[in-house]
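Work through the exercises below with the coordinates open. Each task is followed by a stepwise solution.

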Amino acid sequence: MPGNRTRKSWPSRRTAKSRPSRTTAAVLALCAAAAALTGCSDTGESSSAGGNVVLRYTWWGNPDRAARTQEAIDLFEKKYPDIVVQTSFSGYDAYKQKLATQAAGGDAPDVMQLDYRMIDQYASGGVLLDLGKQQAVRTEEFDRGLLATGVVDGKQYAVPQARGTETVVYDTKAWESSGVEKPRKGWTWSDWADAMRALAERTGKPGATDPGQSEDAFEVWLRGQGRSLYTKDRELGFTADDLTRWWTFTDKLRREGAVSPAEQTTQLDGAVENTPLGRGKSVSDFNWDAPSSGYVALVPTGVTLAPMPSGEDGTPGQYFKPSMFMGVAADSGHPEESARLIDFMLNDRDAAKILGATRGIPVNESIRTTLAPELKDFDKTVADYQASVDGTLNSPPQAPPSGDSALQTTFQRDYDQVSYEQMSPREAAEDYVTEAKAELRS
């Protein structure tokens, strides 16, 4: 938040430093929703109770994902009556912070959901089990390229669950009623900015959430110019000049009222409920395709998924990546049972029907082929959206280096300084680059 220059580095296994959530009240509300939906429990270590193995399984997401996940877990427990699964979920920011604290204290959950940006960090920190040694996890029908994204130093520390890509998700009726030209394949960031200005003028509210706070949106913008967040040597792939241009671009839109004001942007915590679009305060947002399902219950006039803007010369910045991974704690007391749970969530056809595309399109190729014609509602929306951009995107980057997860928070915090006009885009960019280089060296 403005004025708070304390930053968080990746803690060791012996010490933990947690950062308060950007919106504590919202996180508590989401956790309450999680408890109501899943009966979640995340208060004890994995153990054996009444002759049963008890596993802790945690993930981030929205209530829709939670309800489906719990239904799949109920099916797993019927198939394996000797295993009890305690589940817990929250918004992404709160989840990321809590998992870092648990991992640092040697109390990571048995089975955990992991982001692309967490793999190197947790693998190199000794938190994850080498799943390549667990025969229960079958990967024969996984795309080799996607599977390789969970490999660090030759070991399979995590397995991808599904494929996802970023999107512009918008209030269908509000955009159509405005008369502003709809998003189209190949539109540029300049086109997007013009559309946001027009939407704000015609609807009386910002066209979108301010993307200046999002490292994900910045990466798409950067890749559209032929640059990258990181080099193959795991160093920064951009300069302070690049970041200054991005933040100058987004800050100008904020000042014009084309994107959300600071008071709304700094409430973001990874939960769709707390975005301007989710609160009815903007017409659109940037998000990943599957998590956008959370907007369905929040936007009664319907939502549509559209491609991300491209570079001015048409170079696409978005890409397909594993939407998330599953991993097992290295110190889990039940590694075989944990691996069995992962295999079930990824390879069981009945589980796949329940989960649908709530985490993205399944990574198991035969399940994806079988499931596609059966998808309905928003799951079909995600599948159709992915099909619309398939074959037009560039290859994904390698998994980010350790430190990137913490830098996402630093990125948000530095942009808060710009949003509240405490620092210029140049000052904030130079501050971020300095801290990022230090983080990557640590």
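**Exercise 1.** Are H8 and H9 roughly parallel or roughly perpendicular to each other?

*Solution.* Note at the outset that this is a predicted model.

Step 1. Take the axes. Helix H8 (residues 215–223) packs on H9 at an angle of about 115°, and the axes are 11 Å apart.

Step 2. Classify the angle. The class "roughly perpendicular" covers 65 to 115 degrees. H8 and H9 are therefore roughly perpendicular to each other.

Step 3. H8 passes H9 in a right-handed crossing.

Step 4. List the contact. H8 contributes Ala217, Phe218, Trp221 and Leu222, while H9 contributes Asp242, Leu243, Arg245 and Trp246. By class, the residues of this contact of H8 with H9 are six nonpolar, no polar and two charged.

**Exercise 2.** Describe how H9 packs on H15, from angle to residue classes.

*Solution.* 

Step 1. The axes of helix H9 (residues 240–256) and helix H15 (residues 404–419) come within 11 Å and cross at roughly 50°.

Step 2. Name the class. That angle makes H9 oblique to H15.

Step 3. The crossing of H9 past H15 is right-handed.

Step 4. Find the residues. From H9 come Leu243, Trp246, Trp247, Thr250, Asp251 and Arg254. They meet Phe411, Asp414, Tyr415, Val418 and Ser419 in H15.

Step 5. Sort them. The contact of H9 with H15 has six nonpolar, two polar and three charged residues.

**Exercise 3.** Which class of angle relates H15 to H16, and which residues meet?

*Solution.* 

Step 1. Read the axes. H15 and helix H16 (residues 425–441) pack at about 165°, with their axes 9 Å apart.

Step 2. Apply the cut-off. Angles over 145 degrees count as roughly antiparallel. That makes H15 roughly antiparallel to H16.

Step 3. Check the hand. H15 and H16 cross in a right-handed sense.

Step 4. Collect both sides. H15 supplies Ala406, Leu407, Thr410, Phe411, Arg413, Asp414 and Val418. H16 supplies Pro425, Ala428, Asp431, Tyr432, Glu435, Ala436, Glu439 and Leu440.

Step 5. Count by class. The contact of H15 with H16 divides into nine nonpolar, one polar and five charged residues.

**Exercise 4.** How many aromatic pairs does the structure hold, and what geometry does the pair of Trp60 and Tyr92 have?

*Solution.* 

Step 1. Count. The structure holds 24 aromatic pairs.

Step 2. Classify. The ring centres of Trp60 and Tyr92 are 5.1 Å apart and the planes stand at 75°, so the pair is edge-to-face.

Step 3. Trp60 is in strand S2 (residues 52–60) and Tyr92 in helix H3 (residues 92–104), so the pair ties together parts 32 residues apart in sequence.

Notes
Residues are numbered from 1 along each chain as its sequence is written. This is a predicted model: local features need pLDDT of at least 70, side-chain atom pairs count only at pLDDT 80 or more; totals for chains, interfaces and linings use all residues. Side-chain values use heavy atoms; hydrogens and water are left out. Axes are lines fitted to C-alpha atoms, for helices over the stretch in contact, and angles run from 0 to 180 degrees between N-to-C directions. Helices (H or I, at least four residues) and strands (E, at least two) are DSSP runs, numbered from the N terminus. Angles under 35 degrees count as roughly parallel, over 145 as roughly antiparallel, 65 to 115 as roughly perpendicular and the rest as oblique. A crossing is left-handed if the near helix is turned anticlockwise from the far one by less than a right angle, and right-handed if clockwise. Contact means heavy atoms within 4.5 Å. Ala, Val, Leu, Ile, Met, Phe, Trp, Tyr, Cys and Pro count as nonpolar, Asp, Glu, Lys and Arg as charged, and the others, Gly among them, as polar. Rings of Phe, Tyr and Trp (its six-membered ring) pair if their centres lie within 6.5 Å; planes under 30 degrees apart count as stacked, over 60 as edge-to-face and the rest as tilted.
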